[in-house]
Amino acid sequence: MATVRLDQKSRAIVRLISDSYVNALAKYFGTGPSNIDVAREQHKAYIDALKSNGVEVTVLDADHNHPDCVFVEDQAVVIDEHVLLPVPGHESRRGEQPPIAEFLSNHLKGHKICKMEPPAMMDGGDILRLGDLFFVGRSTRTNDAGISELKDLLDHLGHDLRVLDIPSDALHLTSIASTPTDSIIMAAEGYLNPEDFGELPQGCELVLMPRDEVYGCNTIGLQGKKVIIAKGYPRVQSALEERGLECIVLDMEQIRAADGSLTCCSIFY
Ligand code: CIR
């Protein structure tokens, strides 16, 4: 999930789909991508949706040695004037990071770059931002040492962090929750409970969706009351529309097949 607030969401990086995408890790939502051409079409529509809604998008080349390289969210965490480069939780994904780190270092000159070191590990997909409050998932990809490094950074920036345990049938926190605005958390029943998030700041709301719409709970909120959602989750769509948001609906079938959600494919900076 984007670790920037809505007002900071004007630029994003994405990365093209690898020729080896059919070998992407897939253990949760999907059993593996089956059609690279369709995956690329769906990814192009994703880029177009960001661009046509006012986001300046930089497209990085694919890394054909890394089947999961399209999922850039996991590789870098941008928070205020800091970039945290985590140690990605799955060994096969660690080599994806250098070009992303290089791009962010070159384009965010005033930012401080913090590099995590093993045994700490974390995927960016385990972090959620609700205004100035952060949540992190303790998962198969994010361990306590990684969480402790994130907490040090957030303490330094004056932001609170709450830790949630990710159930064994989910990959990341953002696989089961997102923040379509700076005051709404959308999550799936049966994966997370209201108590897991704790008391929310005044004016914030937790919207719980039925368990069978868990994939739809990953959304990308944009400026202008717009939100990108995945196709096929009608209750997610109506819950957002009831709250005055305009939904942009994208077919994510071949991205989902590799356990990827909408937020996984971009880093806002
Ligand atoms: C993986 O298992 O690492 C990829 N196939 C999917 C990563 C999805 N990223 C995300 O949720 N942030």
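Tyr21 lies in the loop between β1 (11-15) and α1 (36-52), and Phe71 in the loop between β2 (56-60) and β3 (77-79). The pair thus links distant parts of the chain, 50 residues apart. Helices (H or I, at least four residues) and strands (E, at least two) are DSSP runs, numbered from the N terminus.

The model is predicted: local features need pLDDT of at least 70, side-chain atom pairs count only at pLDDT 80 or more, and totals for chains, interfaces and linings use all residues. Residues are numbered from 1 along each chain as its sequence is written, and side-chain values use heavy atoms, without hydrogens and water.

The ligand is surrounded by 15 residues (a heavy atom within 4 Å). The closest are Asp68, Glu73, His172, Ala258 and Cys264. By class, the shell holds five nonpolar (Ala, Val, Leu, Ile, Met, Phe, Trp, Tyr, Cys and Pro), six charged (Asp, Glu, Lys and Arg) and four polar residues (the others, Gly among them).

Polar contacts (N or O atoms within 3.5 Å) were examined next. A polar side-chain atom of Asp68 lies 2.7 Å from a ligand nitrogen. A backbone N or O atom of Leu25 lies 2.8 Å from a nitrogen atom of the ligand. A side-chain N or O atom of Arg93 is 2.9 Å from a ligand oxygen. Taken alone, the ligand exposes 350 Å² (Shrake-Rupley method, 1.4 Å probe). The protein buries 99% of that area.

Backbone geometry was also examined. Most peptide bonds are trans. The bond from Pro118 to Pro119 is cis, with omega near 10°. Pro119 is in the loop between β5 (112-115) and β6 (127-130).

Terms used: A polar contact is a pair of N or O atoms within 3.5 Å; within protein, one must be able to donate a hydrogen and the other to accept it, and residues adjacent in sequence count only if both atoms are side-chain atoms.
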